[in-house]
Amino acid sequence: MSRSQSAKVPSEKTTGILLAVIFFLAPPVALGQSPSVKWEELTSADFVKAIQQAQGTCLLPVGIMEKHGLHLPLGNDLINVRYASQHAAEQEYTLVFPEYYVSQIFEARHQPGTVAYSAHLQLDLLQETTDEMGRNGCKKIIIVNGHGGNEHLLPFFAQSQLASPHDYIVYVFNRPSHNDTSGRPPMKSSSYATDFHAGEGETSRTMVARPDLVHLDRAKGESGADQAREKLPDSLYTGIWWYARFPNHYAGDGSVASKELGEFDTRMVISDLVTAIRAVKADSQGLKLQKQFFEEATHPLDTKQ
């Protein structure tokens, strides 16, 4: 071999360096790893692989922009629901839609920073979002609710899917309560009858998801007590109920929050969501029944009685 030829042959050390560089620069999917669970981080080609790996199952975490006492960020619900969704999706691979905060919050319009979209826009945007998710292969969409003000809106939206045919199905996941679960650290704010909003529980969860955004020293700056300014029987509902009870948009005592409680509650919600994802993936009847319903709805007089 000539000297010029031998110069073209890379040394063993050089080959090792080149392989290391290739390995470092190669995208995760090319190396046989799972693609990112975050929709916005995928290339178009990797998106196709992600939808296949997720078995057409996608998460739509829904938050809000609203005041959370004086000590938590406006996007607190969005931060926490995305944290739980992303960790659940990593355990049971699912695709997670980008940040979404268009939902119901009229009761906080008097507080700075609140973004309250009109009712028709909330429903229209949610419908177009799920339609676009469905068009892109998400045939099973789990809306993960991170905001208490959506507890009526989202089930109604799911029910409204029966108004016209879709080739996808919508599920709604609400975080179950684990207040009485064995092993849960005891609550310190027992003097408060409520722990609804920015209180000990929610603040503790944010100490896990984004501890840098929690300001416990400010949590005593306003009262989170129930002011009970309107007396009505339980059989009546009125939209002003929240303002009547919690005008500061703070319900509970966030000052006594702890990372220990937050870790327990966050771990439980992730576990519950993983279980829900697996149940949705295994659901072979939902889409079939929905298709059958749409067919029968076009000619109801022929439906067997």
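**Exercise 1.** Compare the reach of helix α5 with its expected span.

Solution. The model is predicted: local features need pLDDT of at least 70, side-chain atom pairs count only at pLDDT 80 or more, and totals for chains, interfaces and linings use all residues. Residues are numbered from 1 along each chain as its sequence is written, and side-chain values use heavy atoms, with hydrogens and water left out.

- Step 1. Helices are DSSP runs of H or I with at least four residues, strands are runs of E with at least two, and both are numbered from the N terminus.
- Step 2. α5 has 17 residues. The expected span is 1.5 Å times one less than the number of residues, which for α5 is 24 Å.
- Step 3. From its first C-alpha to its last, α5 reaches 24 Å, close to that expectation.
- Step 4. After α5 comes Gly-137, with a positive phi near 105°.

**Exercise 2.** Determine how the buried and exposed residues of α5 are placed around the helix, and what covers the buried ones.

Solution. 

- Step 1. Buried means under 20% relative accessible area, exposed means over 50%, and partly exposed lies in between (1.4 Å probe, protein chains only).
- Step 2. In α5 the buried residues are Gln-122, Leu-126, Gln-127, Thr-129, Thr-130, Met-133 and Gly-134.
- Step 3. These residues span an arc of only 165° around the axis, so they lie on the same side of α5. The arc is that of the directions from the helix axis to the C-beta atoms.
- Step 4. On the face turned away from the buried side, α5 carries the exposed residues His-120, Glu-128 and Arg-135.
- Step 5. The cover over the buried residues of α5 includes β1, β3, α6 (153–160) and β4 (169–174); contact means heavy atoms within 4.5 Å.

**Exercise 3.** Carry out the analysis of buried residues for helix α3 (residues 44–53).

Solution. 

- Step 1. The buried residues of α3 are Asp-46, Phe-47, Ala-50 and Ile-51.
- Step 2. Their arc around the axis is only 145°, which puts them on the same side of α3.
- Step 3. β1 and β2 (95–96) are among the elements that cover them.
- Step 4. Just after α3, Gln-55 has a positive phi of about 60°.

**Exercise 4.** Find the disulfide and state its handedness.

Solution. 

- Step 1. A disulfide is a pair of cysteine sulfur atoms within 2.5 Å. Searching the whole structure gives one.
- Step 2. The disulfide joins Cys-58 to Cys-138, with an S to S distance of 2.1 Å.
- Step 3. The pair links distant parts of the chain, 80 residues apart: Cys-58 belongs to strand β1 (residues 57–62), and Cys-138 to the loop between α5 (119–135) and β3 (140–145).
- Step 4. The torsion about the S-S bond of Cys-58 and Cys-138 is about -75°, so the disulfide is left-handed.
- Step 5. Cys-58 and Cys-138 are both buried.

**Exercise 5.** Classify Ala-158 by accessibility and list its contacts.

Solution. 

- Step 1. Ala-158 sits in helix α6.
- Step 2. Its relative accessibility is 22%, so Ala-158 counts as partly exposed.
- Step 3. Leaving out residues up to four places away in sequence, Ala-158 touches Val-170 and Val-172.
- Step 4. Between Ala-158 and Gln-127 the C-alpha to C-alpha distance is 9.8 Å, at a sequence separation of 31 residues.
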